[in-house]
Amino acid sequence: MDTSQNATGGSGGNGVLVPQANDTAGATIVDDPKQNLNEVINSIQKTLGLIHQLYLTVSSFNDASQLPLLQRLNALVIELDNMAKLSEKCNIQVPMEVFNLIDDGKNPDEFTRDVINSCIAKNQITKGKTDTFKSLRKHLLEELEQTFPDEVESYREIRAASAAETKRLAQAQSILQNGDVKVKPEP
């Protein structure tokens, strides 16, 4: 019997695998998503190792390797059960397009690239609209200033006072001008 079998469990007297405490089973329950994901990744790697061991055992199977084969199968079942339990703590949503790309034999990074390119294109369209509205506002103010110079001056004074008040309130509440809240105060 090789030492890799003892890492996942010991065998009872009747050839039945007696599971030993797993690395993650005795750990304290952590709600950190990154830690949960790392536990699932470790379980996947352990499962892949067990599958490889199982492959080696099956590829050189003889009557004497029946017990190690059963032990490795039991270890694989236990680890798959552990992986299923660990995965329940992870809330990861993968778009179906990624699975379709993988099924088609393509790199899933293509999906990420396409999403980023789409976001860039939409951002450019939105920026164009914003610039157009700024230009329209500037043009309207110029036209209004020619027709109603006193009212436009009053409007600009009110607008400047309002902007100064908004900026003062934002600084008092530690809110950035774009609406985000400061996490760390700047020195």
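In which helix do E165 and R168 both lie, and how many residues apart? Both belong to helix α6 (residues 149–172), where three residues, about one turn of the helix, separate them. The structure considered here is a predicted model, in which local features need pLDDT of at least 70 and side-chain atom pairs count only at pLDDT 80 or more, whereas totals for chains, interfaces and linings use all residues. Residues are numbered from 1 along each chain as its sequence is written, and side-chain values use heavy atoms, with hydrogens and water left out.

From the N terminus on, their order is α-β-β-α-α-α-α-α. Of the 187 residues in the protein, 18% are buried, where buried denotes under 20% relative accessible area, exposed over 50%, and partly exposed the range in between (1.4 Å probe, protein chains only). Among contacts (heavy atoms within 4.5 Å) with a separation of 6 or more, 47% are accounted for by residues 24 or more positions apart.

In soluble globular proteins, nonpolar side chains tend to be buried together. The largest nonpolar core in the model comprises five residues, namely L50, L54, L69, A75 and L76. Such a core is defined as a set of buried Ala, Val, Leu, Ile, Met, Phe, Trp, Tyr and Cys residues joined through side-chain atoms within 4.5 Å. Helices α2 (33–59) and α3 (66–87) are the elements that give two or more residues to this core, and α3 supplies the largest share, three residues. When neighbours within four places in sequence are left aside, the core residue L54 is in contact with L69, R72, L73 and L76. Helix α2 also carries S43, which is buried because its relative accessible area is 3%. With residues up to four places away in sequence not counted, S43 touches E79, N82, M83 and L86.

Side chains of opposite charge can pair when their charged atoms come close. A salt bridge is assigned where a side-chain nitrogen of Lys or Arg lies within 4 Å of a carboxyl oxygen of Asp or Glu, and seven salt bridges are counted by this rule. One of them joins K89 to E39, with 3.4 Å between the closest N and O atoms. This pair links distant parts of the chain, 50 residues apart: K89 lies in the loop between α3 and α4 (96–103), and E39 in helix α2. K89 is classed as partly exposed because its relative accessibility is 35%, whereas E39, at 7%, counts as buried.

Other salt bridges lie within a single helix. The side chains of K85 and D81 meet at an N-to-O distance of 3.3 Å; both residues are in helix α3, four residues apart, or about one turn of the helix. K85 is exposed, with a relative accessible area of 51%, while D81 is partly exposed at 40%. In helix α6, the pair E165 and R168 forms a salt bridge with an N-to-O distance of 2.8 Å. E165 counts as partly exposed at 38% relative accessibility, as does R168 at 46%.

Helix α6 also packs against helix α5 (residues 109–147), at an angle of about 135° and with the axes 6 Å apart. Axes are lines fitted to C-alpha atoms, for helices over the stretch in contact, and angles run from 0 to 180 degrees between N-to-C directions. Angles under 35 degrees count as roughly parallel, over 145 as roughly antiparallel, 65 to 115 as roughly perpendicular and the rest as oblique; α5 and α6 are therefore oblique to each other. Helix α5 contributes R137, L141, L144, E145, Q146 and T147 to the contact, and α6 contributes P149, V152, Y155, R156 and R159. These residues divide into five nonpolar, two polar and four charged, with Ala, Val, Leu, Ile, Met, Phe, Trp, Tyr, Cys and Pro taken as nonpolar, Asp, Glu, Lys and Arg as charged, and the others, Gly among them, as polar.

L101 is placed in helix α4 and counts as buried at 14% relative accessibility. Apart from neighbours within four places in sequence, L101 is in contact with K106, N107, P108, E110 and F111. The C-alpha atoms of L101 and F111, ten residues apart along the chain, are separated by 7.8 Å.
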